[in-house]
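Me: I am new to this structure and would like to go through it in short questions and answers. Please show it before we start.

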Amino acid sequence: MITISETAQAHFVKLLSQQAEGTSIRVFVVNPGTASAECGVSYCPADAVEEDDIAIPFEHFSAYVDADSKPFLEEAEIDFTSDQMGSQLTLKAPNAKLKKVADDAPLFDRVDYFLKTEVNPQLAGHGGECTLMDITEDGFAILQFGGGCNGCSQIDVTVKDGIEKQLLETMAGEIKGVRDMTEHERGEHSYY
């Protein structure tokens, strides 16, 4: 479920050696499945281990995950890197905000997941977002744009060169194109 690099394991062993005997680490997600989801790592004293926690044993310590966080930590990775700028512990959890859909899930669910995890984080930098409204019988994804995307002068480029191109590559043979159903009105909210 969670991959912890050797350098991160060594870092945890060093930190845990300064804690009370039996202390482990806990990996968790706050607000799992939401846009405000955040992942974290903390110390987990022996008396804080819950009955339904999932134990992930490593050579010199165990990591614990609460049952609610488990599906959102699938494919999570923890790494520890050092360079001339210092050291950094990184935790990547691609499913924290939205539970991953299966490869054989309905096309609508897979396209929706793709938009929420790949496209919307990029659009958020411009104050925008897109929502999948429908997939037509002839294979076109119908999108509705909001926020800064509504009225943006670059929306056609975003739709054709960005989203459509990625979807055609990712879901070849299933999606034939993307259509924008938004009534674009320029305003102060639009990003130019």
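Me: Is Arg-110 buried or exposed?
Reply: Buried means under 20% relative accessible area, exposed over 50%, and partly exposed in between, with a 1.4 Å probe and protein chains only. Arg-110 has a relative accessible area of 15%, so the residue counts as buried.

Me: What kind of model is this, and how are residues numbered?
Reply: Residues are numbered from 1 along each chain as its sequence is written, and side-chain values use heavy atoms, with hydrogens and water left out. The model is predicted: local features need pLDDT of at least 70, side-chain atom pairs count only at pLDDT 80 or more, and totals for chains, interfaces and linings use all residues.

Me: Which residue forms a salt bridge with Arg-110?
Reply: Side chains of opposite charge can pair when their charged atoms come close. A salt bridge is a side-chain nitrogen of Lys or Arg within 4 Å of a carboxyl oxygen of Asp or Glu. For Arg-110 the closest N and O atoms are 2.6 Å apart, and the partner is Glu-174.

Me: How many residues apart in sequence are the parts tied together by Glu-174 and Arg-110?
Reply: Helices (H or I, at least four residues) and strands (E, at least two) are DSSP runs, numbered from the N terminus. Arg-110 is in helix H2 (residues 107-124), while Glu-174 is in the loop between H3 and strand E10 (177-180), so the parts tied together are 64 residues apart.

Me: Is Glu-174 buried, exposed or partly exposed?
Reply: The relative accessibility of Glu-174 is 34%. Glu-174 therefore counts as partly exposed.

Me: How many salt bridges are there in the whole structure?
Reply: The pair of Glu-174 and Arg-110 is a salt bridge. Asp-53 and Arg-26 form a salt bridge too. A search of the whole structure finds four.

Me: How many residues apart are Asp-53 and Arg-26?
Reply: The closest N and O atoms of this salt bridge are 2.6 Å apart. Asp-53 lies in the loop between E3 and E4 and Arg-26 in strand E2, so the pair links distant parts of the chain. Asp-53 and Arg-26 are both buried.

Me: Which residue forms a salt bridge with Lys-160?
Reply: Lys-160 is found in helix H3 (residues 155-170). With closest N and O atoms 3.1 Å apart, the partner is Glu-164.

Me: Is Glu-164 buried or exposed?
Reply: Lys-160 has a relative accessible area of 43% and is partly exposed. Glu-164, at 13% relative accessibility, counts as buried.

Me: What is the C-alpha distance between Lys-160 and Gly-177?
Reply: Leaving aside neighbours within four places in sequence, Lys-160 is in contact (heavy atoms within 4.5 Å) with Lys-165 and Val-178. Lys-160 and Gly-177 are 17 residues apart in sequence. Their C-alpha distance is 8.4 Å.

Me: What is the C-alpha distance between Ile-78 and Ile-2?
Reply: Ile-78 is found in strand E6 (residues 76-83). At 2% relative accessibility, Ile-78 counts as buried. Leaving aside neighbours within four places in sequence, Ile-78 has contacts including Ile-2, Phe-12, Val-27, Val-41 and Leu-89. Ile-78 and Ile-2 are 76 residues apart along the chain, and their C-alpha atoms are separated by 7.6 Å.

Me: Is Ser-24 buried or exposed?
Reply: Ser-24 lies in strand E2 (residues 24-30). Leaving aside neighbours within four places in sequence, its contacts include Leu-16, Ser-42, Tyr-43 and Tyr-64. Because its relative accessible area is 9%, Ser-24 is buried.

Me: What is the phi of Asn-31?
Reply: Asn-31 is found in the loop between E2 and E3. At 41% relative accessibility, Asn-31 counts as partly exposed. Although Asn-31 is not a glycine, its phi is positive, at about 55°.

Me: What is the phi of Glu-75?
Reply: Glu-75 lies in the loop between strand E5 (62-65) and E6. Its relative accessible area is 45%, so Glu-75 is partly exposed. Glu-75 is a residue other than glycine with a positive phi, near 70°.
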